[in-house]
Structure formats: C-alpha cells, structure tokens
Amino acid sequence: MKDAMPSAPQPQAAPAAAPAPGNEHARTPLDVLVVDDDSGILTTLRLALSAAGCPVRTAASAEEALALLAGHPADLVLTDVRMEGASGIDLVREVRALLPDALCVVMTAFASFENAVAAIKAGAFDYLPKPFSVEQLEHLVGKVATVVALRRENARLRAAGASDAAGAGGDWFAGLTAPATLALQTLVERIAPSEATVLLTGETGTGKTALARAIHARSARAGRPFVEVTCTALAESLFESEVFGHVRGAFTGAVRDHAGKFELAEGGTLFLDEVGELSPASQAKLLRFLEDRVIERVGGTRPLRLDVRIIAATNRDLARLCREGAFREDLYYRLNVFECVVPPLRDRPDDIAPLAARLFRTASVRLGVDTGSEGAHDAVASGEGLAPLPPAVLHALLAHRWPGNVRELRNAMERMALLAAGRQPGLADLPDAVRAAAGLPPLGAGGLSQRDDGDDARLPTLRELEEAHIRRVLATERNMERAAAILGITTVTLWRKRKELGLE
C-alpha cells in the first residue's frame with residue numbers, strides 16, 4: 001500500500017529558510033527537487049515549497065529525477081521511499097554519487113525505523129515522517145538552508161585562498177555583479193563539489209581556464225594537482241605520449257617509461273582546453289577513461305586505473321561537430337554531464353568596471369609600478385577596495401565591444417599600467433581600438449601627439465618606456481638572471497641594455 005499522504009500544509013512564508021544577515025551566499029533560495037509517484041503529494045509539496053520561496057521541480061520516478069539532475073543540479077532532493085521502479089533509497093545512492101554536495105531527505109510513513117536507518121546509511125541528510133505538518137517542513141527547509149549557506153561560504157573562502165596562493169589574482173567571481181555572471185556562479189558552486197565531468201563552452205578569451213581553476217579550488221580536490229592540457233599546443237604525433245604517457249621502446253627515442261598528464265593529475269583535476277581539436281584516436285582514449293577510469297600508455301598493454309576529474313573547454317560547437325562526424329557523439333555526451341556556458345564580456349557590461357580595476361591593479365603589482373595605495377596585493381586577491389578608474393576611461397571601456405573578451409581587457413590594462421607608470425591613467429593610455437569605440441581619434445600617425453584627458457605631458461618614447469621598466473625591475477631585483485627572466489630577455493641582452501642606457 002502506498003505510504004500515507006502528508007497532511008496538506010497551507011502555503012505560507014518559511015522564516016526558517018531566511019539567510020543569516022550579511023551572508024550573501026545564503027540569499028540564494030534553495031533549489032528543490034521533489035520525487036514521488038503520487039501526483040497529489042507532488043502538487044502539495046510544490047505549492048508549500050514555492051510559498052517558502054524555493055524554486056521547485058518535480059519528478060514522478062527516480063529515473064526522471066536523475067535525468068533532471070544531470071541537466072540542472074539541486075540543493076535539496078526530497079524523495080519518497082516507496083515508488084514504482086527504483087526506490088527512494090536507490091535514488092539517494094545515485095544522487096550522492098552524481099552530486100555529493102546535494103542534500104537528500106527521504107519521506108517515509110510512520111517514521112519507519114528500518115527505512116530511516118537504510119536512508120541514512122545510503123547517504124541521506126535526514127528523513128521526514130509521514131504525515132508531516134507545515135511546521136515540520138519549514139523546519140527541514142531551514143536546516144537545509146543553513147547547511148547549504150555554510151558550505152557555499154566555506155567553498156568561497158577556500159576558492160579565494162587557493163587562488164591567492166596560486167597567484168591567480170583572486171577568485172574568478174570576486175567583485176562581479178552581472179546577472180549572467182551571478183547565474184554562472186550559482187551553477188558553479190553547486191557542481192564544483194561533485195565529481196561530475198564539466199564542459200566549459202564560450203568564446204575565446206572569456207576566461208574558461210581561470211574558471212576551471214575556480215571549480216577545482218571549490219572541490220574536495222583543491223589540495224591536489226590541477227594539470228592543464230591545451231589540445232592544440234602539441235603535434236598530433238606527440239599528444240598521446242604527453243597526455244597518456246608511453247613505455248620504454250614504444251617509439252624511437254622512448255628510452256624510458258614516461259608518465260603522462262593523466263598520471264600527473266592523479267587525485268586532482270585534468271583540464272583539457274580546446275577539447276574539440278582532439279584527434280579520433282585521442283577521442284577514443286579519452287572516452288575509455290570516462291567510461292572505465294583507466295588509460296594505457298602508448299606502447300603499453302597494462303591498464304592504469306586513475307582517480308582524475310575531467311574539466312574540458314571549447315570555443316567550438318561540439319554538437320555541430322558531432323553532426324559533421326568530426327567529434328564522437330558518445331564522447332560529447334560523456335563530457336557534457338554539466339555544461340557551463342561562459343558569457344562573452346559584451347553580454348555582461350556590469351563586470352567591465354570591476355574586472356578592469358582588478359586587472360589594472362594586478363598588472364601594476366606584477367610590473368612593479370606604484371599602485372598608489374598600500375595593501376595592493378591583498379586588494380587584488382580579494383577584489384575589494386580597488387580604486388575606481390577615471391570616469392572617462394570607464395566610459396571608453398564600456399563603449400568597446402571587446403571581441404577578445406577578458407583576454408583583450410587584460411592586455412589593455414597591462415598596457416595602461418605600463419604607460420601610466422604610477423600616475424592616474426587616462427584615455428591616452430588606452431589602445432586605439434578602445435579609443436575608436438569611444439569616438440576618439442587614434443594616437444598613431446595623424447592622431448593626437450599629446451594626452452587628451454587634461455594632462456599636457458608629452459607621451460613617453462619607446463626608449464623611455466623601456467628604460468623606465470628596466471629601472472623598476474632592477475630596483476627590486478638585484479639578481480641579473482631573475483631580472484632578465486622578469487623582463488623576458490636573456491642575461492646577455494640585459495647586460496647590453498644596461499650598458500646602452502648607462503645603468504651599470
């Protein structure tokens with residue numbers, strides 16, 4: 001007989017689910033998935049949870065629930081124990097494997113002790129005895145909301161700390177407020193703690209590599225290796241050897257066994273950038289790993305079982321490549337467990353000002369330029385307390401379409417930091433493409449020969465810029481080999497430049 005239906009709760013607000021004051025990450029409502037094969041129970045719970053401010057989806061079976069979760073994760077899965085087909089306890093096990101951070105609560109009739117124990121052993125967060133009252137449901141939602149808020153805050157702090165330690169200039173999302181970015185952040189915070197494969201899609205330069213690092217930093221693998229592979233950086237003949245490794249004698253020159261990128265990422269994350277460029281042979285090997293979690297070195301016959309999470313990225317339309325026969329359809333579906341679409345910079349203008357300020361400060365610190373304030377490194381890492389750029393500069397930045405996305409903005413801010421050399425940056429420090437978008441003439445031949453933002457100082461020559469930059473580096477680094485490395489030149493070239501500029 002079907003479990004007893006819960007007493008119908010009257011829709012009302014659930015104060016227990018309210019976030020703690022000041023906790024930004026707790027303000028996102030719980031995303032709830034209710035699973036039951038009784039349509040009456042689904043309707044009752046959908047109305048009650050919606051009144052409590054929770055986005056609610058419903059599923060009539062465990063199989064339908066898993067299909068919904070594969071496309072969009074949930075914070076709370078509220079499932080009946082007894083259903084046609086797979087049981088609620090079976091569903092809990094599957095959800096825990098797919099989304100370890102999702103909280104599962106089972107509904108069971110008359111607080112059956114056996115069902116409750118089995119659910120907890122399967123990984124359930126709690127159980128809800130039927131019939132239950134609206135107060136019990138509100139209390140449950142409040143408990144789950146508190147746990148989710150604490151996990152999100154912990155993940156944010158861990159990600160910021162890991163990014164800062166890696167010198168990445170802070171968390172990917174720090175200070176960004178565009179609606180598209182906030183939606184992406186919500187998705188990332190839900191899927192990052194899981195073991196699921198993630199596919200990052202978006203135009204070139206949108207920051208997919210940095211986002212992959214942010215996902216890794218938010219996961220339980222944060223303390224383990226993050227290994228990056230650019231699928232277009234190696235010749236096809238070398239790719240398999242570098243990524244999957246090779247055994248001694250596999251080919252001419254293979255004088256010893258070689259561990260590939262997969263083995264170097266053991267226990268951590270392997271990031272495959274431009275995965276759409278993989279050769280058919282490499283696609284087959286990657287598919288085997290995603291299915292069986294094993295690889296074979298080139299020339300080897302012994303399978304190696306590895307614990308590696310895959311994050312892949314591409315700026316190409318993989319679905320179209322599948323239709324054209326250039327990419328394996330089965331591999332595409334294995335990679336696309338969770339897709340994160342990274343929006344282009346032109347679609348999130350609210351992010352341009354904070355991103356530009358962060359990138360300008362990061363470039364100033366890296367180039368040794370005076371930033372005009374103390375604690376600049378901490379400000380860059382946190383994304384807080386960054387001095388705003390002049391209004392005229394921001395106006396020009398907002399007018400540009402940024403076809404190169406964040407990468408183009410980073411290059412523009414590095415140029416501006418070097419040209420400004422510690423003073424207030426101005427329009428004359430921006431690239432011509434950005435100036436043109438703001439209706440300003442170029443600074444090249446036939447353009448302006450002086451600054452056009454109120455500063456009549458002569459623009460420095462290339463030689464003067466070079467001398468100033470070399471002086472700044474030598475003022476902080478006395479070791480010539482390290483100074484040459486910072487400047488990107490050889491020690492011989494640095495010696496010659498010092499002699500030419502009279503810096504000896």
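**Exercise 1.** In this predicted model, determine which residue of β2 stands opposite V32, and describe the sheet around this pair.

*Solution.* 
Step 1. The residue facing V32 is V56 in β2.
Step 2. Strand β1, residues 32-35, pairs with β2 in the parallel sense over four bridges.
Step 3. Both strands belong to an open sheet of five strands with parallel pairing, in the order β2-β1-β3-β4-β5.
Step 4. The edges are formed by β2 (56-59) and β5 (126-130); each has a single partner strand, so one side of each is left without a neighbour in the sheet.

**Exercise 2.** Classify K130 and D80, which form a salt bridge, as buried or exposed.

*Solution.* 
Step 1. The closest N and O atoms of K130 and D80 are 3.1 Å apart.
Step 2. K130 lies in strand β5 and D80 in strand β3, 50 residues apart, so the pair links distant parts of the chain.
Step 3. Buried means under 20% relative accessible area.
Step 4. K130 has 2% relative accessibility and therefore counts as buried; D80, at 0%, is buried as well.

**Exercise 3.** Classify R93 and D90, whose side chains meet in a salt bridge, by their accessibility.

*Solution.* 
Step 1. Both residues lie in helix α3, three residues apart, about one turn of the helix.

Methods: Residues numbered from 1 in each chain as written. Predicted model: local features only at pLDDT ≥ 70, side-chain atom pairs only at ≥ 80, totals over all residues. Heavy atoms only, no water. Pairing = 2+ DSSP bridges. Helix = DSSP H or I, 4+ residues; strand = E, 2+ residues; numbered from the N terminus. Salt bridge = Lys/Arg side-chain N within 4 Å of Asp/Glu carboxyl O. Buried < 20%, exposed > 50% of the residue type's maximum accessible area, 1.4 Å probe, protein only.
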